[in-house]
Amino acid sequence: MLGGLASKVGFANSRAFDIDADLPDLSGKVAVVTGGNDGIGFITVRALWRKGCKVYLACRSEQKARDAIARLTKEHPGSDHTLVFLPFDLTQLASAKKAGETLEQNESRLDIVVCNAGVMAWPYELVNGVEVQFWNHLGHFALVQAVLPLLKKTAQAPGATSVRVVSVSSVAHQMSPKPDYSSLESVNRQMTSTWQRYGQSKLANIHFAVALQNRLEGENIRVNTLHPGNINTSLMRGPVASYGFFGKVIKATTSRFLMTPDDGAKTQIYLAASREVDEKDYRGKYFIPIATPATPTAYAQDKELADQLWRLSEDLVKQLST
Ligand SMILES: NC(=O)c1ccc[n+]([C@@H]2O[C@H](COP(=O)([O-])OP(=O)(O)OC[C@H]3O[C@@H](n4cnc5c(N)ncnc54)[C@H](OP(=O)(O)O)[C@@H]3O)[C@@H](O)[C@H]2O)c1
């Protein structure tokens with residue numbers, strides 16, 4: 001009962017997921033993890049890499065990415081060629097395109113993309129013409145568009161296991177008002193709080209997963225989305241920037257009750273690589289911690305909205321790239 005209650009408010013239920021036992025050997029596979037330098041992105045990189053996967057850390061800060069790689073290679077000296085910094089900033093469409101080109105040039109396959117990077121509860125700001133938190137979606141949309149040919153090629157190779165795209169959302173998608181993805185102005189609009197705009201971006205992460213999966217009919221590509229848990233990470237920088245001292249107090253008082261990044265990363269690691277996702281044929285599904293299918297809000301289940309978001313995202317990527 002307590003597990004059920006905990007998972008309803010965004011914490012982990014009692015499901016066990018043992019990364020070592022439940023993930024297959026990933027040798028020969030290639031993954032991209034956005035925001036792989038910190039928080040649950042870093043733990044995700046570590047889990048995939050320890051299983052033999054070559055992992056690109058798609059990060060906006062080269063220094064932070066290289067520091068993260070150094071922390072990992074301390075464990076296994078000499079294996080740093082299987083951890084690669086990939087320049088990527090959610091708010092820079094050109095970086096998504098370039099990241100796609102880099103992968104096309106250097107890799108013959110791409111098995112896993114974990115769309116993990118993001119900011120939370122950031123003060124209102126337009127960055128390159130788009131509300132800062134909406135980039136949590138749009139940057140990932142552009143990146144996945146750029147690597148889709150490589151993902152499809154990988155999925156179509158003889159004997160291939162399923163290719164995975166994981167879209168990291170949040171229970172905070174529940175805070176979004178009814179989304180209006182009809183125009184840039186509507187997604188850029190001011191809302192009553194920064195949490196509503198964060199909610200909009202996290203709802204978009206779910207709609208993106210659903211819309212992408214629907215466009216991959218017949219492909220051996222599984223796209224799923226999740227709330228990872230309420231976790232003690234650097235994500236609280238946003239509320240501190242929005243609320244100042246009060247944000248710091250919230251951070252200090254809540255941090256001790258939150259999940260560890262090790263536990264918080266489990267659900268996306270599961271979706272990125274576990275055998276069970278194939279066995280249970282999960283596609284376009286929403287998960288809560290740990291590794292448990294769940295039902296998101298009615299808005300999140302609205303396929304018309306998912307299609308509207310897809311059309312807007314295609315238009316914006318074209319319009320803002322020129
Ligand atoms: N922590 C939670 O309780 C929680 C709950 C629900 C959902 N989530 C989701 O989980 C994901 C990971 O969050 P986390 O908790 O691990 O937070 P985190 O420790 O703050 O990590 C966020 C990562 O995203 C990167 N990032 C932020 N803005 C970026 C940009 N414009 N371009 C490229 N990378 C950018 C950060 O890079 P820098 O280091 O350079 O800033 C960092 O690597 C997010 O999508 C978040 O919404 C977290």
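Buried means under 20% relative accessible area, exposed means over 50%, and partly exposed is anything in between. Keep that handy for the exercises below, and remember that this is a predicted model.

**Exercise 1. Is Asn 128 buried, partly exposed or exposed, and what is its phi?**

Start with the place: Asn 128 sits in the loop between strand 5 and strand 6 (130-131). Next, take its relative accessibility, which is 46%. That value falls between the cut-offs of 20% and 50%, so Asn 128 counts as partly exposed. Finally, look at the backbone: phi of Asn 128 is positive, about 50°, although the residue is not a glycine. Most residues other than glycine have a negative phi.

**Exercise 2. Work out whether Ala 121 is buried or exposed, and find its phi.**

Go to the loop between strand 4 (112-115) and strand 5 (126-127), where Ala 121 is found. Its relative accessibility is 0%, so Ala 121 counts as buried. Its phi is near 55°, a positive value in a residue other than glycine.

**Exercise 3. Find out what kind of peptide bond runs from Pro 289 to Ile 290.**

First find Ile 290, in the loop between strand 9 (286-288) and strand 10. Then check omega for the bond from Pro 289 to Ile 290: it is near -5°, and the bond is cis. As a rule, most peptide bonds are trans.

Now step along to Pro 293, which lies in strand 10 (residues 292-294). Pro 293 has a relative accessible area of 38%, so it is partly exposed.

**Exercise 4. Describe how the protein surrounds the ligand.**

Begin by counting: 29 residues surround the ligand, and the closest are Arg 60, Asn 116, Tyr 198, Ile 231 and Thr 233. Sort the shell by class and you get 10 nonpolar, 13 polar and six charged residues.

- A ligand nitrogen is 3.0 Å from an N or O atom in the side chain of Asp 89.
- A ligand nitrogen is 2.9 Å from a polar backbone atom of Leu 90.
- A ligand oxygen is 2.6 Å from an N or O atom in the side chain of Thr 233.

How much of the ligand does the protein cover? On its own, the ligand has 890 Å² of accessible area, and the protein covers 97% of that. As for the elements involved, helix 3 (39-50) and helix 8 (194-214) are the ones that give two or more residues to the shell.

**Exercise 5. Take a tour of the second largest pocket.**

Its volume is about 270 Å³. The lining has 15 residues, with Val 210, Gly 284, Lys 285, Gln 301 and Lys 303 nearest the centre. Helix 8 gives the largest share of that lining, four residues. By class, the lining has six nonpolar, six polar and three charged residues.

Definitions and conventions:
Residues are numbered from 1 along each chain as its sequence is written. This is a predicted model: local features need pLDDT of at least 70, side-chain atom pairs count only at pLDDT 80 or more; totals for chains, interfaces and linings use all residues. Side-chain values use heavy atoms; hydrogens and water are left out. A residue is near a molecule or strand if one of its heavy atoms lies within 4 Å of it. A polar contact is a pair of N or O atoms within 3.5 Å; within protein, one must be able to donate a hydrogen and the other to accept it, and residues adjacent in sequence count only if both atoms are side-chain atoms. Accessible areas come from the Shrake-Rupley method with a 1.4 Å probe; for residues, only the protein chains shown count as cover. Ala, Val, Leu, Ile, Met, Phe, Trp, Tyr, Cys and Pro count as nonpolar, Asp, Glu, Lys and Arg as charged, and the others, Gly among them, as polar. On a 1 Å grid over the protein atoms alone, a cavity is a set of points where a 1.4 Å probe fits but cannot get out, and a pocket is an open set with protein on both sides within 12 Å along at least five of seven lines; lining residues have an atom within 4 Å of a point. Grid points are joined across faces, edges and corners, and a volume is the space filled by probe spheres set on the points. Buried means under 20% relative accessible area, exposed over 50%, partly exposed in between (1.4 Å probe, protein chains only).
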